[in-house]
Amino acid sequence: MPLLGAHQPIAGGLHLAFDRIERVGGEALQIFTANQRQWRTAPLQPEAIDRFRERWARSKAMPVASHASYLINLAGGADKAEQSVAGFAEELRRCLQLGIDMVVIHPGSHGGAGVDAGVERAAQLLDLALERAGALGADLKVLLETTAGQGTSLGSRFEELGWLLAASRFPEHLGVCVDTCHIFAAGYDFRTAEGYARTMALLERHVGLDRIFLLHLNDSRKECGSRVDRHEHIGEGRIGREGFRFFLSDSRLARLPMILETDKGDDLAEDVENLRLLRTLAA
């Protein structure tokens with residue numbers, strides 16, 4: 001059975017994310033290591049690193065992923081390239097300090113330059129960030145997240161992710177994170193057995209199922225092919241419950257971390273209900 005979990009806030013300290021994920025009964029965790037809406041971040045203090053690592057050690061080797069800042073755009077123009085490389089390299093360094101070995105990032109937006117140019121630029125800047133962070137040789141994977149296809153963003157077609165993986169000089173450090181809301185909004189309809197088989201066959205052909213290390217389980221407020229990224233609670237959106245059952249019962253994805261990224265209140269009740277429903281579907 002997959003390891004089901006959720007993205008949790010880090011208010012009060014990075015280590016408190018473990019308290020929150022355990023409170024909702026999660027088996028996998030995703031966090032931001034810093035404010036995802038700001039370029040400038042304070043360096044991690046040794047005490048914060050130690051508390052995080054000590055708390056993680058009490059959580060039975062739970063898989064933990066970081067999600068990089070939404071501001072980073074590795075496929076954009078030269079005017080933002082240095083800022084994006086510096087920001088992503090800093091994110092990778094924080095993850096190395098904390099022991100986090102999965103870092104999720106959106107492939108970026110080519111801004112009108114075209115897919116080919118965007119893929120080439122994203123691969124070059126990804127490689128540069130890995131080098132600057134001192135991540136080469138470390139047990140760390142950068143996971144390129146599937147996207148909904150809004151505007152000029154890369155990653156809404158599986159072919160684009162495959163091209164990016166192939167263009168990097170360090171493919172051993174790259175993998176893919178599949179977001180159910182995003183691929184649905186991008187036009188992959190997996191709500192039937194036939195549709196799911198077709199979607200997975202395309203993933204296998206263009207990416208390779210062995211390159212998938214993480215899933216984001218989110219329903220979609222918008223229709224298939226809308227190219228609009230709007231997450232909804234499990235079973236309450238256009239995907240519906242059956243679409244998730246296919247992912248949860250696929251033996252090829254067994255034991256992969258699967259993370260919720262849906263809205264929740266301070267009491268985390270929504271996470272509790274979504275995880276309960278996913279476990280019911282998996283059973």
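1. Ground rules. Residues are numbered from 1 along each chain as its sequence is written, and side-chain values use heavy atoms, with hydrogens and water left out. Since the model is predicted, local features need pLDDT of at least 70 and side-chain atom pairs count only at pLDDT 80 or more, while totals for chains, interfaces and linings use all residues.

2. Start with α1 and α2. Helices here are DSSP runs (H or I, at least four residues), strands are runs of E of at least two, and both are numbered from the N terminus. The axes of α1 and α2 are 8 Å apart, at an angle of about 30°; axes are lines fitted to C-alpha atoms, for helices over the stretch in contact, and angles run from 0 to 180 degrees between N-to-C directions. That makes the two helices roughly parallel (under 35 degrees; over 145 is roughly antiparallel, 65 to 115 roughly perpendicular and the rest oblique). Phe18, Asp19 and Glu22 of α1 meet Phe52, Arg55 and Trp56 of α2, contact meaning heavy atoms within 4.5 Å. By class there are 3 nonpolar, no polar and 3 charged residues (Ala, Val, Leu, Ile, Met, Phe, Trp, Tyr, Cys and Pro count as nonpolar, Asp, Glu, Lys and Arg as charged, and the others, Gly among them, as polar).

3. Next, α2 against α3. Helix α2 (residues 46-57) and helix α3 (residues 78-98) have axes that come within 9 Å and cross at roughly 55°, so the pair is oblique. On the α2 side the contact uses Ile49, Phe52, Arg53 and Trp56, and on the α3 side Leu96, Gln97 and Leu98. Those residues divide into 5 nonpolar, 1 polar and 1 charged.

4. Now look at α4. Helix α4 (residues 115-133) has 19 residues and reaches 26 Å from first C-alpha to last, close to the 27 Å expected (1.5 Å times one less than the number of residues). Its buried residues include Gly118, Val119, Ala122 and Leu126; buried means under 20% relative accessible area, exposed over 50% and partly exposed in between, with a 1.4 Å probe and protein chains only. Among what covers the buried residues of α4 are α3 and β5 (141-145). After the helix comes Gly134, with a positive phi near 70°.

5. Phe18 and Phe52 make a tilted pair, 5.1 Å centre to centre with 50° between the planes. Phe18 sits in α1 and Phe52 in α2, so their pair ties together parts 34 residues apart in sequence. Both Phe18 and Phe52 are buried. Tyr196 and Phe247 are edge-to-face, at 5.0 Å and 90°.

6. One histidine to find: His182, in helix α6 (residues 180-185). His182 is buried, with a relative accessible area of 3%. Beyond its neighbours within four places in sequence, its contacts include Glu145, Asp229 and His231.

7. Finally, a backbone check. Ala61 has a positive phi of about 55° although it is not a glycine; Ala61 lies in the loop between α2 and β3 (64-67) and is exposed, at 66% relative accessible area. Arg227 also has a positive phi, of about 60°, and is partly exposed at 36%.

Methods:
Rings of Phe, Tyr and Trp (its six-membered ring) pair if their centres lie within 6.5 Å; planes under 30 degrees apart count as stacked, over 60 as edge-to-face and the rest as tilted.
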